[in-house]
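I opened my notebook to walk through this structure. These are my entries, one place at a time.

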Amino acid sequence: MFILSFALFLACDSGRTVYSGGTIFTMDPENRVVEAIGIEGDRIGAVGTREAVLNWAGERARIVDLAGQAIVPGFIDAHGHFPGGGVYAQVLDLNAPPIGDVEKIDDLVALLAKRAEETAQGEWVVGMGYDDTLLEEKRHPTRQDLDRASTDHPIAITHVSGHLAVVNSMALERQGLDQASKDPEGGLMRRDAKGELTGVLEETAMDFVHQEVLDPSLFDSLKILREGSRRAVSQGVTTVQNGLTPARLIPAFQWATRLGLVAPRLVLWPAMDVADAVLAGDMTLPEAKGPDLWIGAIKLSADGSIQGYTGYLSEPYFVPPGDDPLYRGYPRIARDELRERITRYYGAGMQVAVHGNGDAAIDDILDAFAHASKKFPREDARPIIVHAQMARPDQLDRMAELGVIPSFFSLHTFYWGDRHRTLFMGPERAARMSPAATALAKGLRVTIHCDAPVVPLEPLRLVWSAVNRRTRSGFVVGPAERIGVMQALRAVTIDAAYSMFLDDDLGSLEVGKFADLAILSASPLEDPTTIDRLSVIETIRGGKSVYTR
Ligand SMILES: [Zn+2]
């Protein structure tokens, strides 16, 4: 028996595998769709007609019949915060349906109270993902609401945008914050009519929540990494990103990838204070040039989020959040400081990625990129604007001139499109949010992303959203900005690889590249209106199966 199976093993093992019998999207420069692909070890050995690939493979190759399924390059997360949704292994999920099940403030208080009961006295209770505009009350919870859940535990909950947090009275006390405390630069602590803190903290005022509260123990971290990995590969993702990595997490991720705890490949974007420390000689970055871990662009945030009313616009919000009809958000980093920082990072030869949602923030970013690239010209700098949500056509022209890659959060139209029309931007501006089609028409290279855990890392839903621009209510918001299926697929594969300087090794199915691919239940071209309902059958990273349905 042993001898027989050993012989069989030999008979079909030349270390080469051929996939054929389905639709194989290469995403090469010609967007070729081919009959077959051959893999040897961790690389792609052949791509083309079935006959040619079988010839390359030889007689002892393993042959896999796709039976009408499709293959795409493994998805690459152009911007997210790995382990993303993995944090929900540890932190309360306060999202509204369809992601979670919080519909009103009482739901949220009940979840927090239950978690507080299970938590040792005095320890933090943390939740993520509430959305004020989806709560029945249409407002942010306050510290009084959270005090109903517990006064024996400090509580912090973060808004779905990640740009606001609410804390209870004990948490304010612990941070030494009260009526007399001043707002930090680039942030705001909301106050009631009497000037007392409501517990709602915006932008830099909530930095302590990210830096101190959301700091899990090693044991928690392993669970979170495992859950984040599982979620990524189950969606066909083979390269993830942590798009704002603090200094202390860089060695942690380095160990995690070295120990094989992260299933997909990982790109880190160090936070700007990491760049400052490196340039001051206080810190060195590890050599990380793949194939498991890369250190990529330096990440800055020029403003906040539109649905948190902290995106920085040139024109007022459609329905302002308070009494000021001219309210248009605010910058997170002052214009001059942004320019000085970006120029300094350019001078050191660093790639730079800047978060900008509102068009006023995008103006500041483009001015800074123009200044930096004039002072320190570089052939191939690949500067990125993350989200570029309200980019105007004239700003897309400037991006083309400066070689800027906009990375659109194209699931915005699905999750928040209805409210952008009626509340934040109004119908005219909402129609031009995440303007991928105009950007492509101007010759820009574009990526799209989920910003997980802001919304779940689901590249197929993301592609569907960029192609259809349907809101939750089914309205098509900005039909002129819909893009083709091939363009959307490029934006989550080869162009995402390009934006992070990974395109020599990843992002397309071409001979010599890593064998990273996803097998889908059907071709995304078959019915573009149902791409979100395709399933990932198998995910292969470096020739090895890392997920099977
Ligand atoms: Zn982000």
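**Entry on Trp255.** I looked up Trp255 and found it in helix 8, residues 249-258. The model is predicted, so I read each value as computed. Is Trp255 buried or exposed? Its relative accessibility is 51%. Exposed means over 50%, so Trp255 counts as exposed.

I followed the side chains of strand 16, residues 298-301. Ile298 and Leu300 point one way. Lys299 and Ser301 point the other way. I noted that all four are buried. In a regular strand the side chains alternate between the two faces of the sheet. Strand 16 pairs with strand 17 (residues 352-356) in the parallel sense, over four bridges. Ile298 has Val352 of strand 17 as its bridge partner. How does the chain cross from strand 16 to strand 17, and what is the hand of the crossover? It goes through helix 10, residues 335-347. I recorded this β-α-β crossover as right-handed.

**Entry on Ser161.** I moved to the loop between strand 9 (155-159) and strand 10 (164-167), where Ser161 sits. Ser161 has 7% relative accessibility and counts as buried. What does its side chain meet? I found a polar contact with the side chain of Ser305, at 3.5 Å. A polar atom of the Ser161 side chain also lies 3.1 Å from the backbone nitrogen of His163.

**Entry on helix 17.** Last, I looked up helix 17, residues 459-468. How many of its 10 residues are buried? I noted nine, so the helix is largely enclosed by the rest of the structure. Among the buried residues are Pro459, Leu460, Trp464 and Asn468. Arg469 follows helix 17, and its phi is positive, near 50°.

Definitions and conventions. Residues numbered from 1 in each chain as written. Predicted model: local features only at pLDDT ≥ 70, side-chain atom pairs only at ≥ 80, totals over all residues. Heavy atoms only, no water. Helix = DSSP H or I, 4+ residues; strand = E, 2+ residues; numbered from the N terminus. Buried < 20%, exposed > 50% of the residue type's maximum accessible area, 1.4 Å probe, protein only. Pairing = 2+ DSSP bridges. Right-handed = clockwise from strand over helix to strand, strands pointing away. Polar contact = N/O pair within 3.5 Å; in protein donor to acceptor, adjacent residues only side chain to side chain.
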